[in-house]
Structure formats: structure tokens, C-alpha cells
Amino acid sequence: MEISAPQFVTDWKTGVVTGTEVQGVERRVSDLGGVFADEGAFSQLRPDRLVYRTACVFPVPEGTEGGVFWGTTFIEPGTVGAEYFMTKGHFHAKADRMEAYFTFGGTGLLVLMDTARNCWAEEMTPGSTHLIPPYTAHRTVNTGDDVFSFGACWPSDAGHDYDSIAESGFSARALRVDGIPRLVPA
Ligand SMILES: O=P(O)(O)OC[C@H]1O[C@](O)(CO)[C@@H](O)[C@@H]1O
Ligand SMILES: [Fe+2]
């Protein structure tokens, strides 16, 4: 019986995915209006500056029940005032769907918020593995000086609910305070 090569390869040091069709999004400063607290500092950034990008494998159509998606997110180092570069963050549209994250390179935080707006965070360092509970918004933050890369595996019917976060935000923000990352009430 035939033994084939793997469908694709993830470099466990960098998170780079090769060997199959990879699709992703780039989020630049111009895509992230209203996300960061310090609007004055935000307005000083070049609109085309890259904040983060994704490289994902979608083996089934979005919305398929029972499938999974796989991808790496790369967050650039940087701050907006005291606030670290971070993802927009989202609940899942099917809010009971979980997700797994695992860190490749750099250091960061996984900021989580439940539907009662209780917020907490987990440190992300190479090898750290995180299971995002159901009904929990999630956002990742680069707290280091290098690119922060982590993998994600999530159900293909989870979807993204960005609107709830655009309307109300997270109840806490990851800020550099005296050189140290802190989770501070928003
Ligand atoms: O979707 P956001 O909040 O911009 O953040 C990107 C991250 O979330 C995902 O959408 C997965 O849920 C990945 O693409 C990546 O892990
Ligand atoms: Fe997600």
C-alpha cells in the first residue's frame, strides 16, 4: 500500500506553512481603526504598516460541520502608545466552538474574555499550548521585540464574530507598564 508524503509541513520554529495552498489576511494599521486605546499615538503610525498576517490551510469550505482549519498568525513587534500590537480578536459566530493555539516563536499573551466580560490572560512562549473555551472571545498580543508566531486549529463551522468586539471591546488591555506586560482594566 502506498505511503505518501505529508499533505503540508509546518516549521515548528517559525510557523511557516509549505506544501499546500496557503491563504491569509494581512492586517495593517489602516485596517485597525478603533482597536487601540491611544488614538493620538495610532494616528502617528504609517497607515500601510503591517501589524499581523495569517497563513491558513482551509481543506473544506467555511461553514462545513465537522472540519477543521489550520493556520499560523504572525504579529509584528510594536506598540501604539503603551499598548502592544495585537489581533482584532473575536468570539466565534458559533460561540460554543473551541479553538487550540500553540506558540512557535516570540512571546505574547492570549487575552480571553467570557460573555460576562470577565477578562484574563495566558502567557504564550514557544511550545505553550492553549485551549480556548467555548463562548470566549480571544485576542493575541505580541509582548516581545521579535515577530510573535503561533498556530491555530479551529472548527470549520466556527466563523468569526468581530462585531461584538468592535462594539464593546475587551474589558482589559495588554499594556507595557514600567517595561513589563500587564493586563489593565479598559
Ligand atoms: O481573526 P483575528 O481576531 O483578526 O485574529 C487572527 C487569528 O484568529 C484566527 O482567525 C483564527 O480564529 C486566525 O486567523 C488567527 O489565529
Ligand atoms: Fe478564533
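This is a predicted model: local features need pLDDT of at least 70, side-chain atom pairs count only at pLDDT 80 or more; totals for chains, interfaces and linings use all residues.
Modeller: Helices (H or I, at least four residues) and strands (E, at least two) are DSSP runs, numbered from the N terminus. Here, two helices and 15 strands turn up in the protein. As for overall size, the radius of gyration (taken over C-alpha atoms) is 17 Å, close to the 16 Å from the globule rule for 186 residues, so the protein is as compact as a globular protein of that length. That rule is 2.2 Å times the number of residues to the power 0.38. The C-alpha trace spans about 60 × 35 × 30 Å along its principal axes.

Biologist: OK, which residues come nearest to ligand 1?

Modeller: A residue is near a molecule if one of its heavy atoms lies within 4 Å of it. There are 14 residues around ligand 1, and Tyr 52, Thr 73, His 90, His 160 and Tyr 162 come nearest. By type, the shell splits into six nonpolar residues (Ala, Val, Leu, Ile, Met, Phe, Trp, Tyr, Cys and Pro), two charged (Asp, Glu, Lys and Arg) and six polar (the others, Gly among them).

Biologist: And which atoms lie close to the oxygen atoms of ligand 1?

Modeller: Look for polar contacts: pairs of N or O atoms within 3.5 Å; within protein, one must be able to donate a hydrogen and the other to accept it, and residues adjacent in sequence count only if both atoms are side-chain atoms. A backbone N or O atom of Gly 89 sits 2.9 Å from a ligand 1 oxygen, and a polar side-chain atom of Glu 99 is also 2.9 Å from one. For His 160, a polar side-chain atom comes to 2.7 Å from a ligand oxygen.

Biologist: Which elements give two or more residues to that shell?

Modeller: Those are β4 (50-57), β8 (99-105) and β13 (148-155). β13 gives the most, with three residues.

Biologist: What does the side chain of Arg 173 reach?

Modeller: Arg 173, in strand β14 (residues 172-177), reaches the backbone oxygen of Val 35 at 3.1 Å with its side chain. That side chain also joins the one of Glu 83 through a 2.6 Å polar contact.

Technical notes: Residues are numbered from 1 along each chain as its sequence is written. Chains are lettered from A and ligands numbered from 1 in the order in which they are written. Side-chain values use heavy atoms; hydrogens and water are left out.
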